[in-house]
Amino acid sequence: MASTILYKTLIMLILIGVGVLCAKTKLISEASNKDLSKFVLQVVNPVVIFMSYQTEYRVELVKNLLLTFVISAAVLCAVILLSYVFVRSKQDRETEIERFSAVYSNCGFMGIPLVDAIYHEEGVFYLTAFITVFNLIVWTHGVILISGQKDFKQVVKVFYSPTIIAILLGLVTFFAQIKLPSALADSLGFIKELNTPMAMIVSGVTIAATSLPKLLKNYRIYYVCLLKLLIMPLIISVPLVLLGGIDEKVRMTILIASAAPPAAMCTLLSIRYGRNSVYSSEIFTAGTILSVVTLPLVVKATEYLTKIL
């Protein structure tokens with residue numbers, strides 16, 4: 001499986017390179033990239049999620065979905081606590097951005113393409129549970145962390161997001177076993193196929209706006225990426241392996257989602273609340289590039305732990 005992850009992440013790196021090239025040649029402007037990002041987040045990702053529910057009802061699927069909800073909540077709570085241990089407050093340090101980046105992953109942009117490539121619709125089906133929990137926590141703890149304000153109205157807004165609506169509609173069609181007409185299913189299938197290339201090209205355009213020379217000189221970026229991409233995932237992989245009775249697809253889906261690079265949302269929230277958006281963008285850039293190496297390593301290490309424990 002590690003070799004499959006490596007192959008898929010290499011493909012993603014090439015697609016990211018295409019995005020960088022498009023930015024450098026002015027084919028895609030920063031404004032256009034924001035629109036493309038909205039299209040991926042509000043149209044393509046929800047379609048991918050919804051289509052994962054167009055499958056035959058099985059008791060095993062329902063059991064694993066509920067299990068994924070519980071484990072995802074436990075994992076995210078655990079990494080939040082670990083972020084306060086590993087990222088200490090210090091004057092003149094962007095502690096909030098570093099903690100956010102160490103906790104929250106690009107589970108939509110990077111997670112969906114990877115899980116879909118390995119486990120197809122069933123993997124994405126389980127990933128929706130992680131994404132649901134992720135959205136609830138990121139729009140409460142995450143927003144409070146970056147803004148410094150306790151705005152619990154954001155929790156209500158989460159349920160109006162296209163992603164959550166797609167999950168709710170998907171659950172209805174799954175339990176009621178409502179199948180889409182062939183023409184509609186095929187049309188949504190074409191949109192679904194846009195997910196990986198568009199998400200990676202958008203990431204590439206974002207990365208192109210970052211100053212790599214400046215990034216390379218900041219050791220804190222490497223430290224945060226080390227936490228997010230290796231230390232945190234390896235810590236949570238141990239209990240995931242030790243817990244008996246967990247389906248491999250559930251375990252690896254949660255692990256891949258957790259080990260994905262830092263969330264681009266940190267940059268968006270930093271812009272909104274007047275934080276250092278350049279620094280958050282640098283962490284996102286470094287994490288996205290380094291994840292090509294770290295994701296296969298985490299998967300390989302987990303496979304090894306599964307054999308010896």
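Me: Why are H5 and H13 called oblique to each other?

Reply: H5 and H13 (residues 265–272) pack at about 50 degrees, with their axes 10 Å apart. Angles under 35 degrees count as roughly parallel, over 145 as roughly antiparallel, 65 to 115 as roughly perpendicular, and the rest as oblique. The pair is therefore oblique. Axes are lines fitted to C-alpha atoms, for helices over the stretch in contact, and angles run from 0 to 180 degrees between N-to-C directions. This is a predicted model, in which local features need pLDDT of at least 70 and side-chain atom pairs count only at pLDDT 80 or more, while totals for chains, interfaces and linings use all residues. Residues are numbered from 1 along each chain as its sequence is written, and side-chain values use heavy atoms, without hydrogens and water.

Me: Which residues of H5 and H13 meet?

Reply: From H5 come Val138, Trp139, Val143 and Ile146, and from H13 come Met265, Cys266, Leu269, Ser270 and Arg272; contact means heavy atoms within 4.5 Å. By class, the H5 and H13 contact holds seven nonpolar, one polar and one charged residues. Nonpolar covers Ala, Val, Leu, Ile, Met, Phe, Trp, Tyr, Cys and Pro, charged covers Asp, Glu, Lys and Arg, and the others, Gly among them, are polar.

Me: What makes H13 and H14 roughly antiparallel?

Reply: The axes of H13 and H14 (residues 277–308) come within 8 Å and cross at roughly 180 degrees. That angle places H13 and H14 in the roughly antiparallel class, which is therefore their description. Cys266, Thr267, Ser270 and Ile271 of H13 touch Ser277, Ser280 and Ser281 of H14. This contact has two nonpolar, five polar and no charged residues.

Me: Why do H4 and H5 count as roughly antiparallel?

Reply: H4 and H5 pack at about 155 degrees, with their axes 8 Å apart. H4 and H5 are therefore roughly antiparallel. H4 contributes Glu96, Ile97, Arg99 and Phe100, and H5 contributes Val138, Gly142, Leu145 and Ile146. Their classes are five nonpolar, one polar and two charged.

Me: How many cavities of 30 Å³ or more are there?

Reply: The count is one cavity. On a 1 Å grid over the protein atoms alone, a cavity is a set of points where a 1.4 Å probe fits but cannot get out, whereas a pocket is an open set with protein on both sides within 12 Å along at least five of seven lines; lining residues have an atom within 4 Å of a point. The largest cavity holds about 70 Å³ of space. Its lining includes Val75, Phe130, Lys228 and Ser258, and H11 (219–242) gives the largest share, four residues. That lining divides into nine nonpolar, two polar and one charged.

Me: What lines the second largest pocket?

Reply: The second largest pocket holds about 220 Å³ of space. Of its 13 lining residues, Lys8, Pro113, Asp116, Ala117 and Thr196 are the closest to the centre. H1 (2–24), H5 (107–147) and H9 (195–208) each give two or more residues to the lining, and H5 gives the most, with five. By class, the lining of this pocket has seven nonpolar, two polar and four charged residues.

Conventions
Grid points are joined across faces, edges and corners, and a volume is the space filled by probe spheres set on the points.
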